[in-house]
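Me: I would like to go through the terms used for this structure and see what each one rests on.

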Amino acid sequence: MLAPIHNPEGEVEIRRGKSDGVVDLGPLTCWAVGAVIGAALLALVALIAYQRYIMGKKPTQHLCNYCGHMVAAVSDCHHAPVKERFLHGTCTDCKKDCRLVCQRCKRPL
Ligand SMILES: [Zn+2]
Ligand SMILES: [Zn+2]
């Protein structure tokens, strides 16, 4: 008598749990997670784009360790203005990669 009563209950509960998780909540959860991830990615991309825009706008000043001034960086090859990248730059004179040097004393920044 115990087994027939227990088995249907267990099956029903398992089926409910499965159907709730897979059929009803599944798509909703997927959409919610997708929307959150999408929004987060969008925000991140926007933030990076904004930072790059700001970085490109203002001329970056560096503190020179040798002469102690806040100076603009110039290329080590032609001492011309550089398009600055991370830890290096592009010489606006010869359009090649160059190192950043101090505008005043021409030593590496
Ligand atoms: Zn200097
Ligand atoms: Zn150059």
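**Strands, sheets and core**

Reply: Two bridges link strand 4 (residues 89–91) to strand 5, and the pairing is antiparallel. This is a predicted model, in which local features need pLDDT of at least 70 and side-chain atom pairs count only at pLDDT 80 or more, while totals for chains, interfaces and linings use all residues. Residues are numbered from 1 along each chain as its sequence is written, and chains are lettered from A and ligands numbered from 1 in the order in which they are written.

Me: Why are strand 4 and strand 5 called paired?

Reply: Two strands pair if DSSP finds at least two bridges between them. Strand 4 and strand 5 have two bridges, so they meet the criterion. Strands here are DSSP runs of E, at least two residues, numbered from the N terminus. In strand 5, Cys98 is the bridge partner of Gly89.

Me: What makes strand 3 and strand 5 edge strands?

Reply: Strand 3 (82–84) and strand 5 (97–98) each pair on one side only. Their open sheet has the order 3-4-5, with antiparallel pairing.

Me: What makes a set of residues a nonpolar core?

Reply: Its members are buried Ala, Val, Leu, Ile, Met, Phe, Trp, Tyr and Cys residues joined through C-beta atoms within 7 Å; buried means that 20 or more other C-beta atoms lie within 10 Å of a residue's own, with C-beta atoms placed from the backbone. The largest such core has nine residues, including Cys64, Val82 and Val101. Strand 6 gives the largest share, three residues.

How values were computed
Helices (H or I, at least four residues) and strands (E, at least two) are DSSP runs, numbered from the N terminus. A residue is buried if 20 or more other C-beta atoms lie within 10 Å of its own, exposed if 12 or fewer, and partly exposed in between; C-beta atoms are placed from the backbone.
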